[in-house]
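Please look at the sequence and the model before reading on.

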Amino acid sequence: MGLSDGRNIKQNLAGEPPAALASWISAMFVVLLCSVLLTTSVNLFQEGRAAALLIALIAGAGFWILEVLESRHRSSSRPAWKIEPGSFTVVGVITLVAFVACLPTLNIYFMVDEFAFLHAFHHLSPSQFLQLLHMDMGQFVWGDSRQEFRPIYGLFYVAAYHFWGLSPLGYHLCEICLHAIVSILVFLIAKALAPGDLRRAGFAGVLFAVQPLNAQAMSLIVGLVAESLPALFYLSAFLFFIYFRSSGRRRNIVISTGAFTACLLTKESAVTLPLMLFSYDCFRIVVEEGLDSYREGHRKWERWRNLVLPYVPYAILLFAYLAWRRRVFASYLREANWGNHVQEGAVSPEGFWLHFSHFASRTWQLEVFNLQTLLPYSAPVLGLILGLFLVWVFSLLRRSRECRRSVALVLYFGLGWYLICNLPYLIEEHVVYHLYLPAAGLSIGAACLTLPICRAHGKESGYSRLLGMTLFVIISTAQMWKGDAEYAAFGEMSARMTGQLAFSLKNIPKEGLVVLWPGNSHLIASGWGEEIMPFSVQPPFTPTDLYLPIRIIEHPDMSCCGVGEWWQKIGPMLRDEMTRRSGDEVEVHLLSWDDRTSAFKLTTRAMHRKRLIDCVATVLGGPPESVDSIGDAEAVRLVKALADLVGEDGVVSEQK
């Protein structure tokens, strides 16, 4: 995929920022460094991991001494590393590392949204796919509006189900292959922007492949369509835009806009790509060409035309996408979540400062979450990693005049790329795998920090730097395996619980009233058991629908919907039961999960309906018809009370 396209890039992109701008870029780099150090220190103190800072200073001093000693005993004219790998060798290494890092995920069973997507898309007809082009995907899958326009989700799941059925292995193989391709794209982008030593770009690709935060995206099949696939299109569009700027070939801009189109049909965060391309042009002009070339000279108008015209197809696609979203959702970009705050903030100074403080608080919460996700290590290990980075940072600062381009690249990917990629998540729920795309830029920035591009020949980093890089990759891989193992355990719980649930529901008579209680299940308590109901007991996971013929009152944390939608289903069911004669007997079944046996225990109790009515009224503070909505805690209390009522004098049935 374009390994040869970068052959002429070295000549075009090897420039460095003019001396007049170098000091400004260095100052920005120092500001970024101080901000990161301050934020990290505050976060570590709040988490009780402050010992990592002391360990970082000690480890940093040790690594610094190693580098100084090596530099004194090494000839300045002879590179420390004699091996110069080729592009295909680096690609092979990156692919191998990506597969090794993700091996523990191969057999992880379906969890959370995967049940819903497979149920909705396993037999997607052409007419249903056309529906996805003009309706909310959330409405199609869950029956509620989520303002998600993602038709490629449907295409992926119908194709994957055709090839793999209900075998998680096939889905995870696809996911690992896609992750390896995305890692190769990271390598190609680093190679294009930091030409010369391929080990630098290779380290960027390897580092991205083993990022511990990727454990969630790789362990969840939904991570493929939610993060890996959009990242593939996003990075492809960015890479071929770089190729276009360096070569002027129109085919590159065609490929880039095609990838942008696919990205728009996969995830809403694709709308940030034009801004990312603009930021790259700003970087390119400032660092490589200089601002004067666009201010003076007889060709300045031609330069401006060549700069602006390539954005036309992106602008057309973006405006068409937003117009279509407006037609489908009556909203461009969920402005109901943030648009009102902008309007209110513009009315008065008081409103401005109020909403600005809310925005600052939200930004800080996002940064704290991101830092915790990026640095999941124990205090000793984190101290070792921070010590490595301290050495690399101060080494680059000492040589900033010789390595101006590396300073600029670290600043661009460490700040610009990171901020632009995170813009959508200021209004979204914080999820670990949302950092998948930002981590691509951070990996390139870390590689330019580790192996900087310097004018002076013979100052290549030695074996101590190689030792630090290898240590970092090994630690990251081990941490990723640890995360993979945690999700594998949840996947095993999910497989056991859903299999037992389908088996148990077959023993319930039609129209039977069932209370579903998860007990002390770690799967449900962790949140990874959401959406087990109803999708895991519906096709394609079961031959027939086991959910609709039975009246099931499940724990709200097992439901596919929020507590509001949960009550809309449970409320009418209880009201219908309450309207029947209170003197009649009602048979209620309880399925309670037992972690010791990894099975549901079936308990059945026949009772006067009045007992059931009184139990429900006591928890709700009145009859169900008088309650329009309930909270999460009240919903859990209701299910627990019903479970206790049935289990009190119920008869335990042996399931065969």
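## Two packed helices

Helix H20 (residues 404-422) packs with helix H21 (residues 436-450) at an angle of about 170 degrees, and their axes lie 8 Å apart. Helices here are DSSP runs of H or I with at least four residues, numbered from the N terminus. Axes are lines fitted to C-alpha atoms over the stretch in contact, and angles run from 0 to 180 degrees between N-to-C directions. H20 and H21 are therefore roughly antiparallel, a term for angles over 145 degrees.

On the H20 side, the contact (heavy atoms within 4.5 Å) includes Ser406, Phe413 and Trp417. Ala, Val, Leu, Ile, Met, Phe, Trp, Tyr, Cys and Pro count as nonpolar, Asp, Glu, Lys and Arg as charged, and the others, Gly among them, as polar.

## Basis of the model

The model is predicted: local features need pLDDT of at least 70, side-chain atom pairs count only at pLDDT 80 or more, and totals for chains, interfaces and linings use all residues. Residues are numbered from 1 along each chain as its sequence is written, and side-chain values use heavy atoms, with hydrogens and water left out.

## The largest cavity

H12 (222-247) and H20 each supply at least two residues of the lining of the largest cavity. H12 gives the most, with four residues. Lining residues have an atom within 4 Å of a point of the cavity, which is a set of points on a 1 Å grid over the protein atoms alone where a 1.4 Å probe fits but cannot get out.

The lining includes Glu227, Tyr234, Lys267, Cys421 and Leu437. By class, eight lining residues are nonpolar, two polar and two charged.

Conventions:
Angles under 35 degrees count as roughly parallel, over 145 as roughly antiparallel, 65 to 115 as roughly perpendicular and the rest as oblique. On a 1 Å grid over the protein atoms alone, a cavity is a set of points where a 1.4 Å probe fits but cannot get out, and a pocket is an open set with protein on both sides within 12 Å along at least five of seven lines; lining residues have an atom within 4 Å of a point.
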